[in-house]
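These are my notebook entries on a few things that I looked up, from the inside of the fold to its surface.

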Amino acid sequence: MSSLRMCFCLLRYRLLSFTNCQLLGASPMDFAGIASLISLPIERIICSGLKMYVVESKGGAIACMLLALFFLGTWPAIMTLLERRGRLPQHTYLDYTMTNLLAAVIIALTFGEIGSSTPEKPNFIAQLSQDNWPSILFAVAGGVVLSLGNLSTQYAWAFVGLSVTEVITASITVVIGTTLNYFLDDKINRAQILFPGVGCFLIAVCLGSAVHSSNAADNKAKLKGAGYSPTSNGAITNEELRNLEKGTGIIEEAKAGTAEFLLELEKRRAIKVFGKSTIIGLSITFFAGVCFSLFSPAFNLATNDQWHTLKEGVPHLVVYTAFFYFSVSCFMIALILNITFLYLPVLDLPRSSFKAYINDWNGRGWALLAGLLCGCGNGLQFMGGQAAGYAAADAVQALPLVSTFWGILLFGEYQKSSRRTYVLLFGMLFMFIVAVGVLMASSGHRK
C-alpha cells in the first residue's frame, strides 16, 4: 500500500471518530481503544475501527433537526421567488428535482459507504442486492406522496402565500403524521408532551386559515381603493412579458403592500391569481398537507419494518438506502407529471415544451439550489428521526418560521395589512414556536 493511501485511510478514520464524538454527543470512553489501534496495520484499523456514520445520540438528532429546519424552510422561498419573476413552475420544478435526487445519491455514497459492511448494518452498495423489496416499496410510496405534496405547494404558494401555505401543510403533517409515527415508533416519545405539541400545531392550522382570509380581504380593499377589479385579466404586452421573465420591470419601484405592488406582481408572475376563488388555493394546500403527513410514516416503516414484512435474517434498510429509493421515486413522479404539465398546463398557465425548458436558463441556478437544499434537509430529518423517533423529528415541520421570515423579507408579505391580520399572524407564529419546542422536548431514544 502506498504512503498516500495509508495517510488517506488514517485521516478518514480519525475524522469519523472526531465527528462521532464531537457532533453526535458520544462519550470519549467510546473510543478508548483508539490508542491501541495505532500500532496495527492500516487495513486492520479500517476493518475494526470504522463503522457506518449513523446518528445515535439525542443531541446529534436535535442538531440534524435544526439544520434540516433551516434548509426545508428556505427552499420554498427560492421557488416562490422564481414564480414571482415569471418563470414557469414546470421549468423550475424539473430543475429542482434533478438536484433533489443528486443530494440523496451523494449522501448514500458518502455517509452510507463509510466503514465496513456488516450483516446487521450493511453499506449502501451491499444492501442494493438484498431481498428487501417490502421495505423498498414503503420508501417508494413515501417518495410518491412527498413529490405530490411538493408539486401541489408549488401552485398553492401563488394563491395562498408562502407563509400560510407552509403553516397549514406543516400543521396537517404534524397532526396526522406525528400521531402515526408515535405508534409506529412503539411510543418512544413521551405522549404527555408530544400530543399537547400536536394540539398547538392544530391551533396554528386554524390561525393560518384565518390569516389568509384576513390578508385576502385587506388586499381586496387595497385594489378596490385603487379602482381595480380583481376579475379583470391583467393582460400585458408580449414585450412586457419578456422583460418580466428577465426579472426587469417596475415592481421594485412600487412599495410592498400597496395596490400598485399587487398589480405589478400579478402582471409579472407565472400563475395569475386575480379573479380566482381562494377555495382553490386552500384546497390545494390541504391536499398537499395530507400528502406530507404520509411520507414520514412510510419512511419509518421502510427503515424499521414494524409490520414484519421482511424475510427472517434480512436486515432493515439503513437510512441512506431507504432515502435513495425514496428520492428516486420522488424524482420519477416529478419528472412524469411536470413534463405532462409542459404540454397540458393547469390553472391557465401557458403551454410550454421540453425544448423550451432546456433553453430556459433564467433562474435555473436558483432552482438547482432549491433542490439541493430540500434533498439535504430531508436526509437530515430522516437521520435525526432514526435516532430520536420520527414523531420528534416532525419538529422540522416548524419550517414555516423560516419561510415566513423569507416571505416578509423578500416578498413584503403582510405589509400595510390590517391590525387584525397582524394579530392573527403573531398568534400563528407564537403557536408554532411553542409547538416546535414541545415536540423537540418529547424526543426519545430508539433502542
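I counted a contact wherever heavy atoms lie within 4.5 Å. Leaving aside neighbours within four places in sequence, I found W75 in contact with Y96, N150, W157, A370, L373 and C374.

I kept in mind that this is a predicted model, in which local features need pLDDT of at least 70 and side-chain atom pairs count only at pLDDT 80 or more, while totals for chains, interfaces and linings use all residues. Residues are numbered from 1 along each chain as its sequence is written, and side-chain values use heavy atoms, with hydrogens and water left out.

Next I looked up the largest nonpolar core, which has 93 residues, with W75 and F326 making the most contacts inside it; such a core is a set of buried Ala, Val, Leu, Ile, Met, Phe, Trp, Tyr and Cys residues joined through side-chain atoms within 4.5 Å. Helix α7 (residues 133–160) gives the most to this core, with 12 residues.

I then turned to F299, which is found in helix α12. F299 counts as buried because its relative accessible area is 0%, where buried means under 20%, exposed over 50% and partly exposed in between, with a 1.4 Å probe and protein chains only. From F299 to V319 I noted 8.8 Å, C-alpha to C-alpha, across 20 residues of sequence.

Last I checked I176, which is found in helix α8 and is partly exposed, with a relative accessible area of 34%. Helices here are DSSP runs of H or I with at least four residues, numbered from the N terminus.

Notes: Helix = DSSP H or I, 4+ residues; strand = E, 2+ residues; numbered from the N terminus.
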